[in-house]
Amino acid sequence: MALTIYGAAASRTSRVLWAVEELGIPYEHVPVNHRLGESRKPEHLSLNPNGHIPVIKDGEVVLWESLAINLYLAKKYGGALALKSVEDEGRAIMWSMWALTEVEPHSNGLLQHTMMLPEDKRQPAIVSAAKEGVKAPLNVLEGVLGKSDYLLGSAFSVADLNVSSLVSTLTRVQYDLAAWPKVAAWLAKCSNRPAMAKVRAMVAH
Ligand SMILES: N[C@@H](CCC(=O)N[C@@H](CS)C(=O)NCC(=O)O)C(=O)O
């Protein structure tokens, strides 16, 4: 098979699995388990010297960084995630970088310090700072989603997939989104897509 996705479904790999399920393209899934140290083994380091998942191999092309992978897949395979113009491509890159720099430090801080780290390693100060810090990007999203159904207009695109895959961490840590109703409705619409439901089933196994 030409396209292989490396990484356990219960990780950032889920957003890449979501993208390929949206595209409906054939792929092989190799569930490299980072929690068992498998992403640090020589075989995996030869694909991603960072020792992280996800990684894809598409023919001869090897890519890491989940959001970059999704932008590549949308550009190469188009389909439901296709971007209609160079301008929309620019916007999708902008939103993806925005999510990584403006949202992820806070959403990941919340995830790590409320759920993932052993209790004695969790720092309440990081949780409080992250709860405050995420308000500004949520205000930005609320403003944009007050004007259009999705980030690039009236249709779901890879920009929504990439950004919602990070913002949805807030739902996972039970962050109260009542002050951002448009964001909450958009998140629900994105995560209720059939392709995402398939990925949830993979994560549950
Ligand atoms: N910015 C990277 C982050 C990748 C990353 O940190 N992945 C985690 C799993 S969600 C990982 O591989 N952790 C294992 C390790 O660092 O050893 C991306 O979005 O792909």
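Where does Glu65 sit? Its place is in the loop between strand 4 (61–64) and helix 3 (66–77), where helices (H or I, at least four residues) and strands (E, at least two) are DSSP runs numbered from the N terminus.

Quick caveats before I go on. This is a predicted model, so local features need pLDDT of at least 70, side-chain atom pairs count only at pLDDT 80 or more, and totals for chains, interfaces and linings use all residues. Residues are numbered from 1 along each chain as its sequence is written, and side-chain values use heavy atoms, with hydrogens and water left out.

Okay, back to Glu65. Glu65 has a positive phi of about 80° although it is not a glycine. An N or O atom in the Glu65 side chain is 2.8 Å from a nitrogen atom of the ligand; a polar contact here is a pair of N or O atoms within 3.5 Å. On the ligand's oxygen atoms, a polar side-chain atom of His52 lies 2.9 Å from one, and a polar side-chain atom of Arg12 lies 3.3 Å from one. Taken alone the ligand exposes 510 Å², and the protein buries 79% of that, going by Shrake-Rupley areas with a 1.4 Å probe.

The residues around the ligand, meaning those with a heavy atom within 4 Å, include Ser11, Arg15, His34, Ile53 and Pro54. Have a look at those last two: the peptide bond from Ile53 to Pro54 is cis, with omega near 0°. Pro54 is found in the loop between helix 2 (42–45) and strand 3 (55–58).

Now, pockets. On a 1 Å grid over the protein atoms alone, a pocket is an open set of points where a 1.4 Å probe fits, with protein on both sides within 12 Å along at least five of seven lines, and lining residues have an atom within 4 Å of a point. Of its 42 lining residues, the closest to the centre are Ser11, Arg12, Ser14, Arg15 and Arg172.

The second largest pocket has a volume of about 170 Å³. Tyr6, Val30, Val32, Glu38, Lys41, Glu43, His44 and Leu47 line that one.

That's my tour, so over to you.

Key: Grid points are joined across faces, edges and corners, and a volume is the space filled by probe spheres set on the points. A polar contact is a pair of N or O atoms within 3.5 Å; within protein, one must be able to donate a hydrogen and the other to accept it, and residues adjacent in sequence count only if both atoms are side-chain atoms.
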